[in-house]
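Let's take a friendly walk through a protein model together. Have a look at the structure below, and then we will go from the overall layout to single residues.

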Amino acid sequence: MITIKRLLDTTRALLTNPRALAIFAVLYAALLATLYGFISIREATIWQVAVTMLFVVLIPLEFFVLQAAILQHSRADKFPWTQLIRDAIKLAVVTIPVILIGFLLVYLLNKLQVRFPVPAVAALPVAAGPPKQAPLHLPTVLFATLRFLLLGLVLPLATIHLWIEVTAHDLRTSLAGGAKPLLKRIGNALARALAFDSVLIYALGLIVFVLIPYAILFVPLSPKGTKTDFAVFIARLLLVYLFSLIGWVVTLSALARTAAEGSPAVSASTVPDTPIEAPA
């Protein structure tokens, strides 16, 4: 209930802050427009190739600036743009190893799944009535479940908590104590990624920013008339945009606040050794 209350409070705080919501909406719309331009432009002329290469650079930059803006707003309720660019670069740096690990895990799972092929079914005479369902192949189900858990839950949550960790400290503070404290903080962030409240927030957010937009976009509707059909299509796109934006911002902000509340406010190394003298 505490986790659900935190999600509701985060949603209420976002919806009652029109300035922050407008900034997130503009950043998200710019990212979607760049993605659409990258997909729609055909590489036929020199300028089209140049614009496509520009979009290749802009897409990850806009994506990580959006994530840095969400994390910065959840922490300080402001948007220092110089700091956002630095945070975006740090987010990109810590994301690259996670992507490589994801590719490696998928490769290993594919290699392992080859050893458990689906058995061939002997051809049987076709009988009257509905076709019979093929028998369930348990290894295929297990490998599909592993892929979903790794790519849909573990790696995204680990990436988000690494984002939260690297944006909470500047580079000088992170490297001040050497490699051992840095690795310890990274390990603590990865451990928090699979905590119950973190998984619950992500699972509830996944319903809002993925499942509900998917249902809105692909649920079959048959409106009568061209104008009605076009209006329904525009309404669908608008609802998908709003649910995906608000759901993701609330989820990431709630995870950042949960991680901040779970971290110690003052580390042992910052506690003074001598007592503070009382004023005269």
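Which pattern does the protein follow when read along the sequence? The answer is α-α-α-α-α-α-α-α-α. The protein has 9 helices and 0 strands; helices (H or I, at least four residues) and strands (E, at least two) are DSSP runs, numbered from the N terminus.

Before going on, please note that this is a predicted model, in which local features need pLDDT of at least 70 and side-chain atom pairs count only at pLDDT 80 or more, while totals for chains, interfaces and linings use all residues. Residues are numbered from 1 along each chain as its sequence is written, and side-chain values use heavy atoms, with hydrogens and water left out.

**Inside the protein**

Of the 280 residues in the protein, 30% are buried. Here, buried means under 20% relative accessible area, exposed means over 50%, and partly exposed is in between (1.4 Å probe, protein chains only). The largest nonpolar core holds 41 residues. Such a core is a set of buried Ala, Val, Leu, Ile, Met, Phe, Trp, Tyr and Cys residues joined through side-chain atoms within 4.5 Å. Phe24, Ile160 and Trp163 touch the most other members. Among the helices that each supply at least two residues of this core are H1 (2-15), H2 (18-40) and H5 (138-168). Helix H9 gives the most, with 10 residues.

What does Ile160 touch, not counting residues up to four places away in sequence? Its partners are Tyr202, Trp248, Leu252 and Leu255. A contact means heavy atoms within 4.5 Å. Among contacts in the protein between residues at least 6 apart in sequence, 73% join residues at least 24 apart.

**Rings that meet**

A pair of aromatic rings is described by the distance of the centres and the angle of the planes. Rings of Phe, Tyr and Trp (its six-membered ring) pair if their centres lie within 6.5 Å; planes under 30 degrees apart count as stacked, over 60 as edge-to-face and the rest as tilted. By this rule there are 10 aromatic pairs. Here are two of them:

| Pair | Centre to centre | Angle between planes | Type |
|---|---|---|---|
| Tyr28 and Tyr241 | 5.2 Å | 25° | stacked |
| Phe209 and Trp248 | 5.2 Å | 85° | edge-to-face |

Tyr28 lies in helix H2 and Tyr241 in helix H9, so their pair ties together parts that are 213 residues apart in sequence. Both Tyr28 and Tyr241 are buried. Phe209 belongs to helix H8 and Trp248 to helix H9, so this pair ties together parts that are 39 residues apart in sequence. Phe209 is buried, with a relative accessible area of 14%, and Trp248 is buried too, at 17%. Ring pairs also link Phe24, Phe79 and Trp81 into a cluster.

**On the surface**

The protein exposes about 18,700 Å², and carbon and sulfur atoms supply 74% of it. Accessible areas come from the Shrake-Rupley method with a 1.4 Å probe. Tyr214, Leu217, Phe218, Phe230, Phe233, Ile234 and Leu237 form a nonpolar patch with about 720 Å² of accessible area together. Helices H8 and H9 are the elements that give two or more residues to this patch, and H9 gives the most, with 4 residues. Ile234 lies in helix H9 and counts as partly exposed because its relative accessibility is 39%.

Most residues other than glycine have a negative phi. Asp77, however, has a positive phi, near 60°. Asp77 sits in the loop between H3 and H4, and its 48% relative accessibility makes it partly exposed.

Note on methods: Patches are made of residues with over 30% relative accessible area and no salt bridge: like charges are joined within 9 Å, nonpolar side chains (Val, Leu, Ile, Met, Phe, Trp, Tyr) within 5 Å. A salt bridge is a side-chain nitrogen of Lys or Arg within 4 Å of a carboxyl oxygen of Asp or Glu.
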